[in-house]
Amino acid sequence: MRALLEIELDTAAANKLIGDGTMAEGLQQLLAQLKPEAAYFLPRNGRRGMVMVVDLQDEATLPSVVEPFWAQLNATVDIHPCMNTDELLEGLRRLAT
């Protein structure tokens, strides 16, 4: 299942990781684990933010996806099921049958 992650980092936690030089390594580890289809980094509500599209094997995958953001970055995480154009068209086709 494809999912859109919207992540907002806690400023104090992110500042600490940037200050001690571990932010880049931690992000690289998370990206290597999640293997996102797309990842973007942006300001979000006045804080550091990320938006990622990831593939979840199943619902039981959720804790391993979101927990590192909560535990390591004190982040807020919103997750939404999403689809690409081909999947939307297939879903619409199924409605018609």
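Accessible areas here come from the Shrake-Rupley method with a 1.4 Å probe, and for residues only the protein chains shown count as cover. On that basis, the protein has an accessible surface of about 6,400 Å², 57% of which belongs to carbon and sulfur atoms. This is a predicted model, where local features need pLDDT of at least 70, side-chain atom pairs count only at pLDDT 80 or more, and totals for chains, interfaces and linings use all residues. Residues are numbered from 1 along each chain as its sequence is written, and side-chain values use heavy atoms, with hydrogens and water left out.

**Overall build**
- Along the sequence the pattern reads β-α-α-β-β-α-β-α, with helices (H or I, at least four residues) and strands (E, at least two) taken as DSSP runs numbered from the N terminus.
- The C-alpha trace spans about 55 × 25 × 15 Å along its principal axes.
- Of the 97 residues, 33% count as buried, meaning under 20% relative accessible area, while exposed is over 50% and partly exposed lies in between (1.4 Å probe, protein chains only).

**Phenylalanine 41**
- Phenylalanine 41 sits in strand E2 (residues 38-44) and counts as partly exposed because its relative accessibility is 47%.
- Leaving aside residues up to four places away in sequence, phenylalanine 41 touches Leu31, Gly49 and Met50; contact means heavy atoms within 4.5 Å.

**Leucine 92**
- Leucine 92 belongs to helix H4 (residues 85-96).
- With a relative accessible area of 44%, leucine 92 is partly exposed.
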